[in-house]
Amino acid sequence: MLRKSNREVLSKLSELGNEIYAEIERGEFPRIRIPSRTTSNIVFNEELEQFVLGEQRSLRSAANIKQIRSLTQLLWVASFAKRLVTEGKSSTLRDLYYHSLNYGIKFREQTESDDTVTDLETLLGEPREGFNIFPKERSAIFGDLEIEYTTPETHKGRRVNLGSNPDGVMVGLSVAQADFISCKADKVFVIEKNAVFRRFIEERVYDKFNAILIDTAGQAPRLARLLIRRLNLELGLPVYLLTDADPWGMHIAMVIIRGSANAAHLRELTTVKAKWVGLWATDIKRFSLPSFPLTKLDEERIRLLEEDMRYREFEWQSELQEFKKTKRRAELEAFSAHGLTAIVDKYLPKKLKMICES
Amino acid sequence: MSKEKFQSISAADFFYRNREIAGFDNPVRATYTIIRELVENALDACEQYSIPPEVRTKLIGEGGSIYKIRVEDNGIGVPYDQVPYAFGQILFGSKYTLRQSRGIFGLGGKMAVLYGQITAHSAVRVLSSTGGFEKYFYELSIDVQENKPIIRRKDVTPNPGRWRGTIIEFGFEGDYIRAKPKVVEYFRQTSIILPYANILFVDPDGVLYRFDKVTDEVPKPAETVKPHPYGVDLEILHRMINATRSSTMVDFLVNNFHRVGVATAINFLKEAKISQSANPRTLDSKELLRLVNKMKEYDGFQPPDAQCLSPIGEELLRKGIIREFRPEYVAVTQRGASAYAGYPFIVEAAVAYGGDIPVTPQDEILVFRFANKIPLLYDLHSDVTMKVIKKINWQRYRLDVSAMPLAFFVHICATKVPYKTVGKEYIADRPEVEYEIEWALKTCARDIRNHLAKKEKADIVQRRLSVFERYLPMIAQFSTDLAGNEKPPDYGKVLRRVQAHAKEVEQRSLVEAE
């Protein structure tokens, strides 16, 4: 897990360096085997209930003229990562791409350097956040949770209550890596969109339901997923997911629960016990919500999800069937049609009861 | 009813009236032709006696369109008493036998003199010596109607330095400014085919063009041979019979024809139904006609042999091309002797790649044609060589004629070059000649293809090597950083493995190419 991984990452990086170094000294062509990320090697692991990489390995060997360049790129990204971690600095994918230009490591474009970063993630089995390469932060957390920073050095030991900022606190590395000191909440609400997150704060949902609120702002970034997992595992808090009633919202919930295929090389980002409380396709009728017809793209997406291993359970399948039957979708904001507080007063208690009873 | 007036004209008169067929149609063409004819006579005077040629040509503007040409050689020299005929009588010459030489009848040089006399009222001045104790000076003009030399002045002086050679000088009306590109090109191409000659040309502007020899080796001179039966017509047969001292047909054939022995002669005469013992002078015209026709049909004659030819050889051709173009690669080939209509010939060809050879514009091809060591500069597109080049499927040899820096060279040596015109500018498409040119060029093309394939392989190997040389140090450095070591590992061993592999690949490709 990310919190303890800085030292682990460093030891993995120096192990990689030592191997290559020794191979060169022996007069051998240095080579690295990386779990292959081709579709044929992405398999669903029943035990972990997430996609993982299979047994296939792809080779990056200095003996092969076609691989020596990507091997060099990978080793450069590794040494760059080492510097970030040892110096306690962070970077972004874009920033790394620009850095590469200084080293004569020619990435043709940023997608190539992004891919190489993913290679390193795969090789180390660590998300890039583990070696301080971060995406743009956009998720936020609000609730009665006191944390103590562990990074960066300047803030180490400082404590803060996540209920202190009414806008919510941005979920960055420092928050995701912080120690949990005390928590009065007994559940977590994860919300797909900021408008509803704000409404929940204004309506004192954290108080009424004794909950921590997290805004994922669309598909949850890795740090948010990591934080959700930690809240679930370390504090034992049940996690409830709230998204729009369409195949995309549904999938935001699914990725938090069972991970994405893109990150099949990473583990320990999923929260298997998280519950999707809605909006379900069946909620549209149940709560008489204003709805819109599905688009062509939506319908295609539904067909894809039907085949997806992660959706094979009855509840998920029946929701997909409902979408296919009604051909309608609805958004979380749709509750406003029933009054400003309807979602909090009527919907949430009813859905939580449904979930807890089932 | 008017009376047609018949009159015979002299050879000189004939050529005067028909000067365009010999390349004197206008001042531009005449300038080029005069220089060419004189230089070729000079070269022949050297080569036929294995003398490495030193030929100096000077063209001087005399005002207006009048020029003075002066050509000096170190050849064998013209004997004292023959000078007037050699330079003042058309169709007189040493060349009226069968062997490879540039001119056949010694016509061109005298045409040049005649042209000068007509256009600039210039007499020709000749200084010559065969290397004896004297040199002799003549000033001559041609009596056009009588075809006789007129001696205007004659001087014999001592030759203390034993100088040998000939200097000829006369004036003519020309146009050097417009002839210049062809003239300079003529000298340049002559130097390609004659890498053993020192050639010097000073033009009217005082510009010096100098082509120094790159070798002292002179090709074996051509030997004189008797005519081959295939190449004889009724007129020639008449003359031969008139001149012969043989009293039987067998003797006549054996003594006067190329590669005809007693057995061949007897068999042939049986076939022709002519008595072996018949006196050739007693044959009637029907028998003579039958004889000539049978000579062309009979397949028992030995093919003509090539001792009468003087090809320059693969090595010299290569040297000439290298001097001029410094190409990356030259493929040269010499075909065996062949014959058309009883005239032996040899084709030599070369294809050069890269170096100073430019990539020609689309639909232009760099072709250099030579016949008996004369560069052919006109009418490329009517020439048999061009026909062959267009016919060959170059893609089979992985050559792209329009996109690669390629130059083609074809040299035909023959006792009688099948020119299409008297102007000696392009070769007719005789099937035998065409066949030889085609195979010569294909042989060269194959050679070039192998070279390019080898080079390509070597390039790939080199590029591979440079990739390793670029990335291995980086890999070494990054692994050092990652491992936290002080100094990078020695990647030399790995690199040497790559180099060894490269060498192996290269050697393998060498073997394949052979």
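Colleague: What is the mean pLDDT of chain B?
Modeller: The mean is 86, and 90% of the residues of chain B reach 70 or more; pLDDT is the predictor's confidence in each residue, from 0 to 100. This is a predicted model, in which local features need pLDDT of at least 70 and side-chain atom pairs count only at pLDDT 80 or more, while totals for chains, interfaces and linings use all residues. Residues are numbered from 1 along each chain as its sequence is written, and chains are lettered from A and ligands numbered from 1 in the order in which they are written.

Colleague: What does strand E1 of chain B pair with?
Modeller: E1(B) (residues 54-61) runs parallel to strand E7 (residues 198-202) of chain B, with five bridges between them. B:Lys58 has B:Val202 in E7(B) as its bridge partner. E1(B) also pairs with strand E2 (residues 66-73) of chain B, antiparallel and over six bridges, and there B:Thr57 stands opposite B:Val71. Two strands count as paired if DSSP finds at least two bridges between them.

Colleague: What happens in the hairpin of E1(B) and E2(B)?
Modeller: Four residues lie between the strands, and B:Gly63 takes a positive phi near 100 degrees.

Colleague: Which residues other than glycine have a positive phi?
Modeller: B:Lys273 is one of them, at about 55 degrees, and B:Arg326 is another, near 40 degrees. Most residues other than glycine have a negative phi, and most peptide bonds are trans. B:Lys273 lies in the loop between helix H8 (262-272) and helix H9 (285-297) of chain B, while B:Arg326 is in the loop between helix H10 (313-325) and strand E9 (329-334) of chain B.

Colleague: Why does B:Lys273 count as exposed?
Modeller: Because B:Lys273 has 10 C-beta neighbours inside 10 Å. B:Arg326 is exposed with 12 other C-beta atoms within 10 Å.

Colleague: Switching to chain A, where is the cis peptide bond?
Modeller: A:Gly278 and A:Leu279 are joined by a cis peptide bond, with omega about -5 degrees. A:Leu279 sits in the loop between strand E13 (275-278) and helix H10 (281-286) of chain A.

Colleague: What sheet does E13 of chain A belong to?
Modeller: An open sheet of six strands with mixed pairing, in the order E8-E5-E11-E10-E12-E13. Strand E8 (169-170) and E13 of chain A are the edge strands, each pairing on one side only. Strand E10 (residues 187-191) and strand E11 (residues 211-215) of chain A run parallel, joined by five bridges, and A:Phe189 stands opposite A:Leu213 in E11(A).

Colleague: How do helices H2 and H4 of chain A cross?
Modeller: The axes of H2(A) (residues 68-87) and H4(A) (residues 110-124) come within 9 Å and cross at roughly 75 degrees; axes are lines fitted to C-alpha atoms, for helices over the stretch in contact, and angles run from 0 to 180 degrees between N-to-C directions. So H2(A) is roughly perpendicular to H4(A), a label for angles of 65 to 115 degrees, with under 35 counted as roughly parallel, over 145 as roughly antiparallel and the rest as oblique.

Colleague: Last one, how many residues does each chain give to the contact?
Modeller: Chain B gives 22 residues and chain A gives 23. H12(B) gives the most to the side of chain B that touches chain A, with 14 residues.

Note on methods. Helix = DSSP H or I, 4+ residues; strand = E, 2+ residues; numbered from the N terminus. Buried ≥ 20, exposed ≤ 12 C-beta atoms within 10 Å, placed from the backbone. Contact = placed C-beta atoms within 7 Å.
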